[in-house]
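Please look over the chain below. The report that follows takes up a few of its residues and helices, then the confidence of the model.

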Amino acid sequence: MASSQEPGLLERGNLKGLSKELRHGRTAHNMSSSSLRKKSDLTLVSKLRCGLLRSFLTNLQEVILGTKLSVLFPAIPLAIVAECYGFGRPWIFALSLLGLIPLAERLSFLTEQVAYYTGPTVGGLLNATCGNATELIIAIFALSQHKIEVVKYSLLGSIISNLLLVLGTSLFCGGIANLRREQKYDRKQADVNILLLLLALLCHILPLLFRISGASAALTAVPTLQLSRASSIIMLLAYIAYIIFQLVTHRQLFEAPEELEDGDDVISDEAPVMGFWSGIAWLVGMTAIIAVLSEYVVGTIEAASDSWGLSISFISIILLPIVGNAAEHAGAVIFAFKNKLDISLGVALGSATQISMFVVPMCVIVAWIMGIKMDLNFNLLETGNLALAIIATAFALQDGTSHYLKGLALLLFYFVMGACFFVSKAPFNQGNIINLGVETASAGAVLTA
């Protein structure tokens, strides 16, 4: 009988009568984002007589001041002013990166607000789609400017950053903070994510091997592109199956533990703080601002590279992922300190899976629609680092227990990879692989002769 009343309650916006299942379908990503939120004081705003103005200022205060990262919001207008008045391009790049940090967390907050009115399944689908919206928007703007190397580098860096930096920091800090406790986590969720990451790795390795083993660049370029597009479609189908697995058939594996709802550092949102259409409007507005800053980042990355003396590969693989995902990364570390490793693993592995199985193939499909030839060949050095990151993570999580040495090892993996891209000054060039394939074929012809 209770289930028959819930749709009506949803339509009227009354959430108090909802079942526990509908109110608490929160994933690790939701919990990680909520750890950075804070309650804003609405005393002054509530005294306004004009209902429309009071509602707007209430929503504005919740969106701007409802996060511990609100101190970074001034970077957004500063970046816009710097772009309008032609300030230094590296300054525009840096301010845009800082402005993207709170926007990514607020996007997660607004998605969760909308999810209160749509139910956990649709809300989970929104989070699965918008969880890495910042990376996807940056990638689309880079594609529009034919900067395929920036797209590949930034997405590769996001995957490696989540697997090694975020997970490594979480395991290390959690191990140090809980030296006298045995840290355990559920391997079921980790196994699913690792399996999908290995599938994504296969889709990256095959185009690379196909290009290297080809007789000539002219003969392998088109088949490599076709293989990449076919693999991207398969990856998207696998991601849809993963969403069904996560939200419908095995939702209990991905939901955050209920006892965390009363934690001191987590804002427990038993009711939304804004209406459905207000949430939609703010969500669209935040996405538009993210798009503007993403365009600034893509347009000024070369200037920042020249000014700072850093290669585009280092900025895209190391700096962009660290800054762009700082909010959820901080949340993962916070819960690791509390010995809640299931949430930390859900954030790190879930984000890496979403980027590799959704964002990367989506970029290939979007580039296909735009008439741009983007494939899944991320070059030999980059693909090798990705393979080592996934293998190291799989070995670290194989026994269901954790200690600080595992986290330290993953961090050292990341530092060595960062040093590799720091000293690598050569620009991304598919010609390196082409020449390697030609030289291999030529050497084989000489040996045969």
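## A buried serine

Ser96 has a relative accessibility of 0%, so it counts as buried; the cut-off for that class is under 20%. This serine belongs to helix H6. Its side chain reaches the backbone oxygen of Ile92 at 2.7 Å. Beyond four places in sequence, Ser96 touches Ala79, Leu293, Tyr296 and Val297. The model is predicted.

## Overall make-up

The chain has 449 residues, and 53% of them are buried. It contains 18 helices and two strands. Take the contacts with a separation of 6 or more: 83% of these join residues 24 or more positions apart.

Ala79, a contact of Ser96, is one of the buried residues of helix H5 (residues 75-84). Which side of H5 do they take? They lie on the same side, because they cover an arc of only 130° around the axis. As a rule, an α-helix has 3.6 residues a turn, so residues three or four places apart point the same way.

The buried residues of H5 pack against helix H6 (89-118) and H12. After H5 comes Gly86, with a positive phi near 65°.

## Thr300 in H12

Helix H12 (residues 276-308) holds Thr300. Is Thr300 buried or exposed? Its relative accessibility is 0%, so Thr300 counts as buried. Leaving out residues up to four places away in sequence, Thr300 touches Arg89, Ile92 and Phe93. Ile92 also supplies the backbone oxygen that the Ser96 side chain reaches.

## The largest nonpolar core

The largest nonpolar core has 109 residues. Which of them touch the most other members? Leu143 and Cys363 do. Helix H15 (residues 341-369) gives the most to this core, with 17 residues.

## Helix H10

Helix H10 runs over residues 187-213. Its 27 residues should span 39 Å at 1.5 Å a residue. The end C-alpha atoms are 37 Å apart, which agrees. At the start of H10, a side-chain oxygen of Asp186 comes to within 3.1 Å of the backbone nitrogen of Lys188.

## A pairing across the sequence

Ile334 sits in helix H14 (residues 326-337). At 25% relative accessibility, Ile334 counts as partly exposed, because that class lies between the cut-offs of 20% and 50%. Ile334 and Ser170 are 164 residues apart along the chain. Their C-alpha atoms are separated by 8.0 Å.

## Confidence

The mean pLDDT of the chain is 78, and 75% of the residues score at least 70. Where in the chain is confidence lowest, and where highest? It is lowest in helix H1 (residues 2-12), with a mean of 38. It is highest in helix H16 (residues 380-396), at 94.

Two stretches call for care. Over residues 260-264, pLDDT stays under 50, and the model has nine contacts for them beyond four places in sequence. Over residues 428-449, pLDDT also stays under 50, and here the model has 27 such contacts. Where pLDDT is low, the predicted coordinates should not be read in detail.

Conventions
Residues are numbered from 1 along each chain as its sequence is written. This is a predicted model: local features need pLDDT of at least 70, side-chain atom pairs count only at pLDDT 80 or more; totals for chains, interfaces and linings use all residues. Side-chain values use heavy atoms; hydrogens and water are left out. Helices (H or I, at least four residues) and strands (E, at least two) are DSSP runs, numbered from the N terminus. The expected span of a helix is 1.5 Å times one less than its number of residues. A polar contact is a pair of N or O atoms within 3.5 Å; within protein, one must be able to donate a hydrogen and the other to accept it, and residues adjacent in sequence count only if both atoms are side-chain atoms. A nonpolar core is a set of buried Ala, Val, Leu, Ile, Met, Phe, Trp, Tyr and Cys residues joined through side-chain atoms within 4.5 Å. Buried means under 20% relative accessible area, exposed over 50%, partly exposed in between (1.4 Å probe, protein chains only). Contact means heavy atoms within 4.5 Å. pLDDT is the predictor's confidence in each residue, from 0 to 100. The arc is that of the directions from the helix axis to the C-beta atoms.
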